[in-house]
Amino acid sequence: MEYIVPGLLGVSILLFIISFFIKDPYKEIKNELDQFSMQQIQEIYQLKRKIKILEEELLIDDRDFQTASSYPEPKKEIHAIIKNQVWSLAQQGVSISQIAKQSSLTKEDVKNIINELSAGVRYE
């Protein structure tokens, strides 16, 4: 019994000294995990930077688009005299494209005028 305690003490000291020379099996895994984490952080940073650049470009394009589309051209008021001329030319059988050329209106405007005035005409 006298030899057991000093024997265990000697074995523990020996194991303690050996533990300094044994390679840690988890050290490589820890290093690989740290490197992988750093790579992920760098990639995320680069992606965020690219997204920010793209968002800025889209905002610029969106602003240009909004200024063009959010302010539609105001509907120009067509004078009654021009409407009467369009109506009389239509009654004479002149084509819509010819009326549009003569009156400096679009074909849609001419069609709208003709439809508007033909709806207002009542046959009695």
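At what angle do α3 and helix α5 (residues 107-120) pack, and how far apart are their axes? In this predicted model, where local features need pLDDT of at least 70, side-chain atom pairs count only at pLDDT 80 or more, while totals for chains, interfaces and linings use all residues. Residues are numbered from 1 along each chain as its sequence is written, and side-chain values use heavy atoms, with hydrogens and water left out.

The angle between α3 and α5 is about 85°, with the axes 9 Å apart; axes are lines fitted to C-alpha atoms, for helices over the stretch in contact, and angles run from 0 to 180 degrees between N-to-C directions. α3 is therefore roughly perpendicular to α5, a label for angles of 65 to 115 degrees. Here K83, V86, W87 and A90 of α3 meet V110, I113, I114, E116, L117 and S118 of α5, where contact means heavy atoms within 4.5 Å.

With helix α4 (residues 96-103), helix α3 (residues 80-91) packs at about 150°, their axes lying 10 Å apart, which means that α3 is roughly antiparallel to α4, the term for angles over 145 degrees. On the α3 side this contact is made by I82, V86, L89 and A90, and on the α4 side by I99, Q102 and S103.

The largest nonpolar core has 10 residues, including V86, W87, I99, L105 and I113; such a core is a set of buried Ala, Val, Leu, Ile, Met, Phe, Trp, Tyr and Cys residues joined through side-chain atoms within 4.5 Å, buried being under 20% relative accessible area with a 1.4 Å probe and protein chains only. To this core α3, α4 and α5 each supply at least two residues.

Methods: Helix = DSSP H or I, 4+ residues; strand = E, 2+ residues; numbered from the N terminus. Parallel < 35°, antiparallel > 145°, perpendicular 65-115°, else oblique. Buried < 20%, exposed > 50% of the residue type's maximum accessible area, 1.4 Å probe, protein only.
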